[in-house]
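Dear colleague,

Please find below the structure that I am handing over to you, together with its sequence. My notes on what was found in it follow.

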Amino acid sequence: MDRNMDRSEVVIVGELEEGKIASITAELLTVGRTLADELNATLSTVFVGNQISPEVASEAISLGGDKVYIIDTPLFKDYLTDTYVAALESLDREVKPGILLLGHTTLGRDLAPSLAFRLKTGLTTDCVELSIDAETGCLRKTKPVYGGNAWATYVCDAGHPHMATLRAKVIPPLKRDASRKGEVVHFDPQLDEATARVKVIDRVREEMPGARLEGANIIVCGGRGIGSPEGFKQLEELARILNGAVGCTRIPSDNKWVPASYQIGLTGKVVSPSLYIGMALSGASQHLAGISGNTTIVAVNKDPEANIFSRAHYGVIDDYQKVLPALIEECRQLRSSGSPGGDDKLEE
Amino acid sequence: MNIVVCVKEIPDPEIPASAFRLDPESKRAILPGGRKLVISDYDERAVEAALKIKDSLDSKITVLSLGRESAQDIIRHCLAMGCDEGILLSDPLFDDSDSFATAFVLAEAIKRKGEFDLILCGRQEGEWDAGQVGSGIAELLGIPSVTTVVNIEIRGGRVVMERLLWDGHEIVEVPLPALATVSSEIGEPRYPTFRKVREASKKEIPVWTSQEITPAKPQNRLLSLFIPSHGEGKCEFIEETSPEGKATRLAMTLREAKLI
Ligand SMILES: Cc1cc2nc3c(=O)[nH]c(=O)nc-3n(C[C@H](O)[C@H](O)[C@H](O)COP(=O)(O)OP(=O)(O)OC[C@H]3O[C@@H](n4cnc5c(N)ncnc54)[C@H](O)[C@@H]3O)c2cc1C
């Protein structure tokens with residue numbers, strides 16, 4: 001890489017979820033490992049926060065990392081653009097990474113662009129493939145564009161580090177290897193309170209009934225045609241019976257029929273259930289961008305021309321209001337007579 | 001309050017995948033015949049956010065767009081929605097701008113225009129889907145940014161915004177001048193009235209070129225653009241006479257496939 005000693009690290013911005021390494025960070029470590037091996041570089045992860053458990057560092061190493069930077073003071077208790085950008089700017093000055101990767105998450109979507117402009121370098125967001133360009137040694141960054149209708153590959157010609165955010169759930173994480181050894185470095189960017197120009201007054205978490213969307217094995221998703229919050233109550237009923245979660249397209253969330261955190265897609269969540277049942281939604285590419293992996297797609301739509309049918313495995317052409325009550329009843333009966341394997345009992 | 005809104009014209013993002021074509025030469029999407037470019041959806045929401053402020057607080061809203069001549073149309077649309085003035089930033093030298101070069105030209109234009117309190121952008125435009133320009137402008141101007149904003153309230157000089165989180169939302173207090181990127185939950189954009197459309201069609205829209213604003217070199221280079229394969233789309237339709245029959249058959253089929 002660059003034949004420049006300074007640029008001999010691949011750095012990942014790690015994220016924690018309830019104190020533990022988030023799945024996106026494990027996925028980044030997998031990609032980061034491949035890139036670092038190819039470049040003969042060190043793979044580092046930086047965690048910014050407060051009262052970070054020491055297990056986090058060893059876990060990042062077990063998952064493929066060589067080195068961990070911990071930036072841990074009360075100032076970083078909650079995510080704030082200003083303080084996190086400043087902390088990582090300071091780390092960049094110290095470490096001079098060749099490549100800097102983040103997750104395309106709530107945090108990464110906000111942090112990565114500000115940080116890239118601060119560091120005067122080129123960022124590519126929402127990447128689904130990352131590799132090293134054989135000719136130039138640059139990071140090749142491939143991302144969906146035009147809502148997912150096309151993919152584009154970029155390299156950064158000017159500036160360092162080469163930066164990208166990675167879409168969730170496109171890379172399977174590495175197996176843990178607890179025997180891996182690595183180095184842990186505590187880093188203090190020496191910032192004060194005044195760094196934060198924007199102040200958080202309140203953070204509100206929305207309760208989601210049932211399984212968590214990101215981890216759900218079955219997702220029942222509703223679109224514009226559901227028409228009301230009451231319609232979503234019915235979808236919730238189906239999801240409950242199937243031990244699944246409810247998602248939505250952008251329209252129900254814009255209309256406040258359900259909380260915005262239900263939204264699946266380019267500007268919502270990425271999910272990878274084994275079964276996705278889409279009701280009264282057209283299957284816009286920006287929505288389908290949020291379904292990843294080996295998912296069986298079922299579509300119920302009254303319009304036979306709806307785009308969703310070109311991606312669905314099973315299709316029902318009809319009014320969802322007529323299909324859904326019967327489907328709920330049918331699933332209730334099936335579930336009460338056992339789970340898919342046939343012989344074992346239902347969890348409930 | 002002086003508000004600047006940045007908007008972009010893009011091919012209609014709702015074009016179905018089956019009608020989507022690429023021009024390998026220009027590395028751009030081909031506009032299906034008869035279709036016009038449209039205002040990027042989240043940018044129109046940013047305009048709506050600005051107008052909501054203007055509804056209750058004496059404000060002047062300036063619309064900026066970096067684009068071709070045709071981007072005049074979307075600027076006029078914003079004027080018809082209720083914005084006060086528009087400036088088009090157009091020059092062949094701006095044409096192949098990436099997120100960096102775009103943010104640079106917009107930031108220079110904002111500086112040249114002079115006074116501003118609040119800059120609003122869409123959270124992400126629907127062509128390259130990068131979602132960087134808003135934060136970029138804020139960095140270049142040295143002002144704070146708040147992204148994915150769904151509500152803005154200004155009370156007695158205090159600016160309070162609500163922004164989306166993955167599992168809820170957060171309320172923040174923002175010192176001005178500041179930049180916010182707007183998400184669609186802010187609400188549907190208003191329709192222009194007939195009278196406003198007529199007025200807007202008569203307004204002069206100044207064009208600033210590389211004479212007024214120095215272009216910037218892009219930082220990312222587009223190597224290739226291609227249509228990905230989603231595998232064979234083969235949908236098995238559940239055929240029955242009644243909707244209830246279809247529901248039953250669907251449930252059975254999914255059970256046989258061990259999916260439910
Ligand atoms: C930059 C950008 C980012 C975006 N990000 C996202 C995103 O993250 N997630 C997302 O979902 N969208 C996103 N969108 C919006 C996206 O382009 C579509 O507008 C949206 O997904 C459409 O939602 P829908 O399918 O529910 O509505 P529509 O496209 O209006 O489809 C409704 C469908 O319901 C059917 N229908 C209506 N009534 C019934 C009934 N009673 N029974 C059966 N069928 C019925 C209709 O036939 C129609 O096909 C984004 C757009 C842009 C430009």
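In these notes, a helix is a DSSP run of H or I with at least four residues, and helices are numbered from the N terminus. Please bear in mind throughout that this is a predicted model.

**Arg250 of chain A**

By that definition, Arg250(A) belongs to helix α6 of chain A, which covers residues 250–254. Is Arg250(A) buried or exposed? The cut-off for buried is under 20% relative accessible area, and Arg250(A) counts as buried because its relative accessibility is 19%. Beyond its neighbours within four places in sequence, Arg250(A) touches Gln263(A) in its own chain, and Asp41(B), Tyr42(B), Arg45(B) and Ser184(B) in chain B.

**A sheet with strands from both chains**

An open sheet is formed by 6 strands, with parallel pairing, in the order β15(A)-β14(A)-β16(A)-β17(A)-β18(A)-β15(B).

Tyr276(A) has Ile297(A) in β17(A) as its bridge partner. Helix α8 of chain A (residues 320–336) packs on the sheet, where it touches β14 (218–222), β16, β17 and β18 (314–317) of chain A. The direction of α8(A) makes about 150° with that of β16(A). Chain B also supplies a helix here: α6 of chain B (residues 243–256) lies across β16, β17 and β18 of chain A together with β15 of chain B, and runs at about 175° to β18(A).

**Glu240 of chain B**

The loop between β15 and α6 of chain B contains Glu240(B). This residue is partly exposed, at a relative accessible area of 32%. Apart from its neighbours within four places in sequence, Glu240(B) contacts Gly245(B), Lys246(B) and Arg249(B). Its C-alpha atom is separated by 10.0 Å from that of Leu250(B), which lies 10 residues away along the chain.

**Helices α3 and α4 in chain B**

In chain B, helix α3 (residues 99–113) packs against helix α4 (residues 133–141) at an angle of about 50°, and their axes are 8 Å apart. That angle makes α3(B) oblique to α4(B), and the crossing is right-handed. From α3(B), the residues in the contact are Ser99(B), Thr102(B), Ala103(B), Phe104(B), Leu106(B), Ala107(B), Ile110(B) and Lys111(B); from α4(B), they are Val133(B), Gly136(B), Ile137(B), Leu140(B) and Leu141(B). Sorted by class, this contact holds 9 nonpolar, 3 polar and 1 charged residues.

Why is α4(B) described as largely enclosed by the rest of the structure? The reason is that 7 of its 9 residues are buried, including Gly134(B), Ser135(B) and Glu139(B). After α4(B) comes Gly142(B), with a positive phi near 70°.

**Helices α3 and α4 in chain A**

In chain A, helix α3 (residues 81–95) and helix α4 (residues 106–118) pack at about 50°, with axes 10 Å apart. This makes α3(A) oblique to α4(A), and their crossing is right-handed. On the α3(A) side the contact is made by Thr81(A), Tyr84(A), Val85(A), Ala86(A), Leu88(A) and Glu89(A), and on the α4(A) side by Leu107(A), Asp110(A), Leu111(A), Ser114(A), Leu115(A) and Arg118(A). By class, these residues comprise 7 nonpolar, 2 polar and 3 charged.

**Strand β1 of chain B**

How many residues of β1 in chain B (residues 2–7) are buried? The count is 6 of 6, and the strand is mostly covered. Burial extends to both faces, with Asn2(B), Val4(B) and Cys6(B) on one side and Ile3(B), Val5(B) and Val7(B) on the other.

Strand β1(B) pairs in the parallel sense with β6 of chain B (residues 60–66) over 6 bridges, and Cys6(B) is opposite Leu64(B) in β6(B). It also pairs in the parallel sense with β8 of chain B (residues 118–122), over 4 bridges; here Val4(B) is opposite Ile119(B) in β8(B).

With kind regards

Terms used
Residues numbered from 1 in each chain as written. Chains lettered and ligands numbered in written order. Predicted model: local features only at pLDDT ≥ 70, side-chain atom pairs only at ≥ 80, totals over all residues. Heavy atoms only, no water. Helix = DSSP H or I, 4+ residues; strand = E, 2+ residues; numbered from the N terminus. Buried < 20%, exposed > 50% of the residue type's maximum accessible area, 1.4 Å probe, protein only. Contact = heavy atoms within 4.5 Å. Pairing = 2+ DSSP bridges. Axes fitted to C-alpha atoms, helices over the stretch in contact; angles between N-to-C directions. Parallel < 35°, antiparallel > 145°, perpendicular 65-115°, else oblique. Left-handed = near helix turned anticlockwise from the far one by under 90°. Nonpolar A, V, L, I, M, F, W, Y, C, P; charged D, E, K, R; others polar.
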